[in-house]
Amino acid sequence: MDYKETNMKVWKLVSGIISILLTLVILLQSFVAGIFNTVLNKILGSEDSGGTAGIVVAVLLFIAAIVSIAVRKRETKKAYVPLIVLFELAAMIGFVGAGNNTGLVIWAVWCFVCFIVAAFGLVKVLKPGIVFKKQWWFWASIAGAIIVSIVVIAVPRGDGNIVEKVRKAVIDLGSTTHISSKTIKEAKLVPDNELDYIYSKPKKYTHRRVIVKGQVYSVTKTKRGIKFDLYSKQLSLEKISTIYYDKKDIEINDEDYVIVDGVVLGEGDVIDLNMTYVNIKATSIKKSNYIDVFSPTIKTYEVNQTIKQKGYKVTLKKVELANNQTRAYIKVKNKGKAEFCIYTPFAKIKQGNKKYYIDGDYILENPKFLDSIKKGEKVKGIISFTNINENENFTIRIPAASSKDKQHIKDYIFKVKAK
């Protein structure tokens, strides 16, 4: 009997015994992790599955251990193939589904090592005369196994963890974005007053047509087109959808504003604070802008008033009303003898006995309004106020000054009639 065959028989016996002992440890850890996951699910809406994955790994490892002990005296292809399959499945599920159960990662490494050894045993059976130490792939495999084990154990848990990225990749592979043309054609449109519900009850709206607006983040290319996250509520994580678009007829970049017409695929990855991603298959995407997406205009006053003082011209071109703000479109032209500045932070609207101040929408306002406007320079932009009554006349007051102390500049006051 070859001493190498004896070594493999010993390994199968020892690895089987160790695996049975590890099964008990994994089951205990998974039970604790399962309780912890349940608490997180109730309190935070977390969907961590480390406890469940641990039980699956334990079952696979236990079966592999029994098989390993049972076939310890056999050096055949049929003896090694089941070990390779079982250890490989256990390792993959352990790595992918570990979640908060970090101990499961270590047991997955053990399964991975057993998978490598079993694979070498199979090669030895198929090619009896092979000398492993003379084969480059043998050392490459050993080095790869060591590197994978070190990286998986050493890298901290969290968003940057390789295991977490693999888990998300597997989830992406498992989720289909295919939907038939007939389903798309027959999809019933979700009315605007129900749009909020697709984020809280996405499964209920599966295969319903939706038109959603938002800002683009995390654009990635797919084999067919693109995928990106769409934030439909400004500066918030409450309304997020993952958009799949199987065309390449539009260039989409991070921070773009878009309007998406598509069909709900169902629920995506659940994130913290009990919020859910909604998967949407886009049938068309239209580029838009900040105002149309987050603050659509409901009424416009065309004003076109110009007030000139000592060569400093300020024009109020128009005023737009939205549900959440009032926008004044301003144009400033410096034809005076010094630098000029309008004090937009102190601008205000007076309507009857009420006063309305700026709402601090820094995205709309031109930053140059806060600097001195040099001689001959033209600057235009938007001053955004809180929303006012659309049916009542109002005035807009904008303080200003020049860099010459002797020049007294009065406030620019524009009167606007409600139509």
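Trainee: So helices are DSSP runs of H or I with at least four residues, strands are runs of E with at least two, and both are numbered from the N terminus. Where is Lys310, then?

Mentor: Lys310 is in the loop between β6 (297-309) and β7 (312-322). Before we go on: this is a predicted model, where local features need pLDDT of at least 70 and side-chain atom pairs count only at pLDDT 80 or more, while totals for chains, interfaces and linings use all residues. Residues are numbered from 1 along each chain as its sequence is written, and side-chain values use heavy atoms, leaving out hydrogens and water.

Trainee: Okay. What's up with the phi of Lys310?

Mentor: Its phi is positive, about 50°, although Lys310 isn't a glycine. Glu255 is another non-glycine with a positive phi, near 75°. You'll find Glu255 in the loop between β3 (240-245) and β4 (257-271).

Trainee: How many helices and strands does the chain have?

Mentor: The chain has 9 helices and 15 strands. Four of the strands make an open sheet, in the order β11-β10-β13-β15, with antiparallel pairing. Strands pair if DSSP finds at least two bridges between them.

Trainee: New topic: which residues form the nonpolar surface patch?

Mentor: Val10, Leu13, Val14, Ile17, Ile18, Leu21 and Leu24, with about 580 Å² of accessible area together. Patch members have over 30% relative accessible area and no salt bridge; like charges are joined within 9 Å, nonpolar side chains (Val, Leu, Ile, Met, Phe, Trp, Tyr) within 5 Å. A salt bridge puts a side-chain nitrogen of Lys or Arg within 4 Å of a carboxyl oxygen of Asp or Glu. Areas come from the Shrake-Rupley method with a 1.4 Å probe, and for residues only the protein chains shown count as cover.

Trainee: Where's Ile17, and why does it count as partly exposed?

Mentor: Ile17 lies in helix α1 (residues 3-43). It counts as partly exposed because its relative accessibility is 43%; buried is under 20%, exposed is over 50%, and partly exposed is in between (1.4 Å probe, protein chains only).

Trainee: How much of the chain is buried?

Mentor: 42% of its 419 residues.
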